[in-house]
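Colleague: Hi, I have a few quick questions about this model. Could you walk me through it?

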Amino acid sequence: NYTTLILDDHRFHKALLNTTLYVIGAVILGMMASLLLALSLQLDTKSNRILRVIFFLPSVTSGVAIVLVWGWVFRGDGIGLLNALFTKIGITNVEWLATPALAIPILIFMSVWGGAGFGMILFLAGLNSIPSMYYEAAVIDGAGPRERFRYITLPLLRPVMVYVVITGIIGAFQIFEGVYLLFPTSVGSIGGLKDMALMIVPYLYDSGFKHFRMGYASAIAWVLFFII
């Protein structure tokens, strides 16, 4: 099983490549979005507290519900929200979920939208733990906002950034709901057209519970375990 998986299974190679691209994009963009939100909403005002709650809500919402809503947004016919808007302004409909080049970007976008609020809370905690005397001393020495961010904020946020990156990688490697619900195939498999959205965990599920190759699915699970 392991030899076939690593050397001969082109679907597994595709799933591993797709998952790697997804992890890189989701973790990097997710961390940048989380940090940007935290910096924008750092001041403890009433409006910022309301916005924090709004941005955090997707993190505690059911993942299946979120995927179903975005599936309606990205539907390829006129019922899809994006295509309905495109029709009103005279743009041709786009087959969002049937275009290989758009599959991974859509999954990355959904991950950033759903997870940026949780990362924002972590970064807010890190920002509020930085002593204000460092910034006061920097202002006295003539440091501008860019210098204060580069030489004070980023270095002191490093522990939070490491935590966000590690937990983000672990979570991203285990993506399942988005692929399972948005990218089924006509032959009853998972991954979409030409396996454009096939990831490791959906492939594990496909092998074990669709084709009943339990030993092969176990081999995939061990590979995923060692990667994480």
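Modeller: Happy to! Let's start with a salt bridge: Asp206 pairs with Arg11, and their closest N and O atoms are 3.1 Å apart. The two sit in distant parts of the chain, Asp206 in helix H11 and Arg11 in helix H2, 195 residues apart. This is a predicted model, where local features need pLDDT of at least 70, side-chain atom pairs count only at pLDDT 80 or more, and totals for chains, interfaces and linings use all residues. Residues are numbered from 1 along each chain as its sequence is written, and side-chain values use heavy atoms, with hydrogens and water left out.

Colleague: What counts as a salt bridge here, and how are helices defined?

Modeller: A salt bridge is a side-chain nitrogen of Lys or Arg within 4 Å of a carboxyl oxygen of Asp or Glu. Helices are DSSP runs (H or I, at least four residues), numbered from the N terminus.

Colleague: Is Asp206 buried or exposed?

Modeller: Asp206 is buried, with a relative accessible area of 0%. Buried means under 20%, exposed over 50% and partly exposed in between, with a 1.4 Å probe and protein chains only. Arg11 is partly exposed at 22%.

Colleague: Which other residue forms a salt bridge with Arg11?

Modeller: Asp195 does, with the closest N and O atoms 3.0 Å apart. That pair also links distant parts of the chain, as Asp195 is in the loop between H10 and H11, 184 residues from Arg11 in helix H2. Asp195 counts as buried, at 16% relative accessibility.

Colleague: What else does Asp195 touch?

Modeller: Leaving aside neighbours within four places in sequence, Asp195 contacts Lys14, Asn18 and Ile190 as well as Arg11. Contact means heavy atoms within 4.5 Å.

Colleague: How many salt bridges are there in the whole structure?

Modeller: The search finds three. One of them joins Asp44 and Arg49, at 3.0 Å from N to O. Asp44 counts as exposed at 57% relative accessibility, while Arg49 is partly exposed at 41%. Shared partners join Arg11, Asp195 and Asp206 into one network.

Colleague: Changing topic, where does Leu204 lie, and what does Leu204 touch?

Modeller: Leu204 lies in helix H11, residues 200-210. Not counting residues up to four places away in sequence, Leu204 touches Ala217, Ile220 and Ala221. Leu204 is buried, with a relative accessible area of 18%.

Colleague: And how far is Leu204 from Tyr134?

Modeller: Their C-alpha atoms are separated by 50 Å, and the two residues are 70 apart along the chain.
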